[in-house]
Amino acid sequence: MKRLEKKLWLWLFVMALLSPLGIILPGKFGAEGAWGEWGADALEKLLGYIPGGLKRTADIWAAPIRNYTFGGEGALISTRIVSYIVSAFIGIVLVWVIVLIISRLLFKHEK
Amino acid sequence: MRETGVRQSVLFFLYTRGTKYMFMAQQASVVGMHIPDGYLSPQTYIPLYGASIAVWGIALKKIKNELSAKYVPYLAMAAAFSFLIQMFNIPVPGGTSGHAVGAGIIALLLGPWTAVIAVSVVLIIQAFVFGDGGITAIGANCFNMAIVMPFVAYWTFNLIKGFSQNRVRILAAAFLSGYVGLSAAAFSAAFMFGIQPVIAIGPDGMPLYAPYPLSIAIPAMAIEHLFLFSIVEGVMTLVLLKYFLKNESTLVYAMRGDSREEA
């Protein structure tokens, strides 16, 4: 691996280790999730009803690591911090695997 | 039946108008600029799947023809970077939170077509594994963050920079490229949200999917992006471009035209 590549991967690992800042800071400022991304329950509180189509499709997929957290919504902050770092590394590995598959398909004649 | 529908719609309209964006945002539970399942109607998300798949096809062809296998590690690093930077949620005190996407800087460093693939890979992983963005909305989210954003960012950079070699102008172009790129993605997402209550209404007159009209969706997304998240994206784009220009200037795709001229 080239020197530059090594250096950049190192920075990415540092980013992964620092990623829990992304949940700690919003917690400190009392900020919640993004506009327009309410769950069905939160939307019912806002509107007084759940739009029909939304209700039917909202839970179409059960993601294995929802919200980058092991242990669901009520998880302890320490669990969430560890989950976040683990999720960051899982993300890096998955990105690598998919990019490798794509590049194998694209550059199959190159060695 | 019809009458109650109308009355409910009017009440709904008054209610949403009277509700502050901050209050609505405080109820939020998921993080990011990713449209979840259930917010877009099939007549919106199906064509956007089509559009994204078509652009992926073009992008893969371009990468195959223009790049070689030695760029693969950079494609992987770019995607990893976008995945990680999106984990750094930035809070609006007492309100919502959002994050940078990195599609702009990837477009400047590796070209907009590479950015399309790098960020799309990230968005697909986020949707399937982490429930960040819906499965039905993958086409829409990729359209906003992996297509609109890198191209708008790339065009903005070229427009501002022009043929100038002026350092300040290049850095200003980098900031604006990130700023305008993320803002465009946010507007596009807000537009998708905002047209839902017009194009997808149930037999009772109530919205079936995202319930907020353009008059609410656009300002809510615009305010937080124009005043915070897009600034962060712009600063990040500037800092990283500055780093690469200083240390690895031959790598920077957006500056290649210049080196060719010099040669």
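1. Basis of the model. This is a predicted model, in which local features need pLDDT of at least 70, side-chain atom pairs count only at pLDDT 80 or more, and totals for chains, interfaces and linings use all residues. Residues are numbered from 1 along each chain as its sequence is written, while chains are lettered from A and ligands numbered from 1 in the order in which they are written.

2. Confidence. The model scores ipTM 0.91 and pTM 0.88. The pLDDT is the predictor's confidence in each residue, from 0 to 100. Chain B has a mean pLDDT of 86, and 85% of its residues reach 70 or more. Residues 17-32 of chain B have pLDDT below 50, and this stretch has 41 contacts in the model beyond near neighbours in sequence. Residues 259-263 of chain B also have pLDDT below 50, with one contact beyond near neighbours in sequence. Two residues are in contact if their C-beta atoms, placed from the backbone, lie within 7 Å.

3. Secondary structure. Chain B has 10 helices and two strands, in the order α-α-α-α-β-β-α-α-α-α-α-α from the N terminus. Here helices (H or I, at least four residues) and strands (E, at least two) are DSSP runs, numbered from the N terminus.

4. Burial in chain B. Of its 263 residues, 56% count as buried. A residue is buried if 20 or more other C-beta atoms lie within 10 Å of its own, exposed if 12 or fewer, and partly exposed in between, with C-beta atoms placed from the backbone. Ile170(B), found in helix H8 of chain B, is buried because 21 other C-beta atoms lie within 10 Å. Its C-alpha atom is separated by 9.1 Å from that of Lys242(B), 72 residues apart along the chain.

5. The core. A nonpolar core is a set of buried Ala, Val, Leu, Ile, Met, Phe, Trp, Tyr and Cys residues joined through C-beta atoms within 7 Å. The largest one has 106 residues, of which Val95(A), Ala79(B), Val119(B) and Met149(B) touch the most other members. Helix H8 (residues 167-199) of chain B gives the most to this core, with 16 residues. Not counting residues up to four places away in sequence, Val119(B) touches residues including Ser82(B), Val101(B) and Met145(B).

6. The contact between chains. It takes 57 residues from chain A and 67 residues from chain B. On the side of chain A that touches chain B, H5(A) gives the most, with 13 residues.
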